[in-house]
Amino acid sequence: MLSALARPAGAAFRRSFSTSAQNNAKVAVLGASGGIGQPLSLLLKNSPLVSRLTLYDIAHTPGVAADLSHIETRATVKGYLGPEQLPDCLKGCDVVVIPAGVPRKPGMTRDDLFNTNATIVATLTAACAQHCPEAMICIISNPVNSTIPITAEVFKKHGVYNPNKIFGVTTLDIVRAHAFVAELKDLDPARVNVPVIGGHAGKTIIPLISQCTPKVEFPQDQLTTLTGRIQEAGTEVVKAKAGAGSATLSMAYAGARFVFSLVDAMNGKEGVVECSFVKSQETDCPYFSTPLLLGKKGIEKNLGIGKVSPFEEKMIAEAIPELKASIKKGEEFVKNMK
């Protein structure tokens, strides 16, 4: 059932930009001048689903907005600069995407970003809670395993928390799984579907290759290597860029793919499924990524983990303590905020 349902979301975007009857999404990008923010804004501007694009950052947004505004697609683009302009950027938004923060450098884990990015995410999501409390919030800023609990706690503080509208964007893990499986099996990546569950860092990233469609088989050593590559693919890019940043272009693609799926579902398209790190009762972790059926109001149904192999079962068990610690760290951060 799941694999049949899970086809549309990614595949439609991978083949072409999807369109819909109500192509009027108002989308804000917070951190729009950065390495992810700029290509993400370009992809959003290129989509017929978006009618208004508002770009926020603490530097360069007027220039980025001016540049994008010359593109011959109908989305209007406006840049907002600095905290005093943030409320205007957010008013009336349907979807807010947050790639703001500092990227990883060689030798850093996603958790090393915590102190800087936790403050940035808490500040930006507090503004969202005040100025667009009904919007879908899509968090890209790492460490996602902590920034999603931070977002939830901030929304609770403002009395506007809705767990069905807060998403940790793990889509890059899924995109990578598709690319790597397709490469090994000589398949068209647009036809591959692999759920990736758990979290968005190292061993918390759990690709369910046993649920792949089309069905694929790997010897255990190759499966272990493939899984490790998906888990550490971010580090692969950080190393290759040799200090010049982390995965920005593939992350922008994945972020756009998730936003388009969400907007399609908000527009009434049925059967849209994406994995995302959200409030969850699927395990004893309060937040966990699984395939989600998206709808007009965000999460329509959590499709759960499904049937897994013993190898995957073991990975889930090993991921949970790390996930719980990252979640607790995020929650404590908000509790201790002045």
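Colleague: Where is His60 found?
Modeller: His60 is in the loop between strand E2 (50–57) and helix H4 (61–69). Helices (H or I, at least four residues) and strands (E, at least two) are DSSP runs, numbered from the N terminus. His60 is not a glycine, yet has a positive phi of about 70°.

Colleague: What kind of model is it, and how are things counted?
Modeller: This is a predicted model: local features need pLDDT of at least 70, side-chain atom pairs count only at pLDDT 80 or more, and totals for chains, interfaces and linings use all residues. Residues are numbered from 1 along each chain as its sequence is written, and side-chain values use heavy atoms, with hydrogens and water left out.

Colleague: Which peptide bonds to proline are cis?
Modeller: Asn142 to Pro143 is cis, with omega near -5°. Pro143 sits in the loop between E5 and H7. A cis bond also joins Thr213 and Pro214, with omega about -5°. Pro214 is in the loop between strand E8 (205–207) and helix H9 (220–231).

Colleague: Switching to domains. What is the assignment?
Modeller: Domain 1 is 25–169 and domain 2 is 171–327. The bounds come from an automatic or database domain assignment. Their C-alpha centres lie 21 Å apart. The contact (heavy atoms within 4.5 Å) takes 38 residues from domain 1 and 44 residues from domain 2.

Colleague: And what area is buried between domain 1 and domain 2?
Modeller: About 3,200 Å², with carbon and sulfur atoms giving 70%. Buried area is the accessible area (1.4 Å probe) that two parts lose on being put together, summed over both.

Colleague: Which elements give two or more residues to the domain 1 side that touches domain 2?
Modeller: They are helix H3 (37–45), strand E4 (95–98), strand E5 (136–139), helix H7 (144–157) and strand E6 (166–168). H7 gives the largest share, eight residues. The residues on that side divide into 24 nonpolar, seven polar and seven charged. Here Ala, Val, Leu, Ile, Met, Phe, Trp, Tyr, Cys and Pro count as nonpolar, Asp, Glu, Lys and Arg as charged, and the others, Gly among them, as polar.

Colleague: Okay, which residue forms a salt bridge with Glu134?
Modeller: Lys165, with the closest N and O atoms 3.4 Å apart. Lys165 lies in the loop between H7 and E6, and Glu134 in the loop between helix H6 (114–131) and E5, so the pair ties together parts that are 31 residues apart in sequence.

Colleague: Last topic. What does UniProt list for residues 26–168?
Modeller: The unreviewed UniProt entry has "domain: Lactate/malate dehydrogenase N-terminal" there. UniProt positions are in the numbering used here, feature names are shortened, and annotations may be inferred rather than shown by experiment. The span is 38% helix and 21% strand.

Terms used. Salt bridge = Lys/Arg side-chain N within 4 Å of Asp/Glu carboxyl O.
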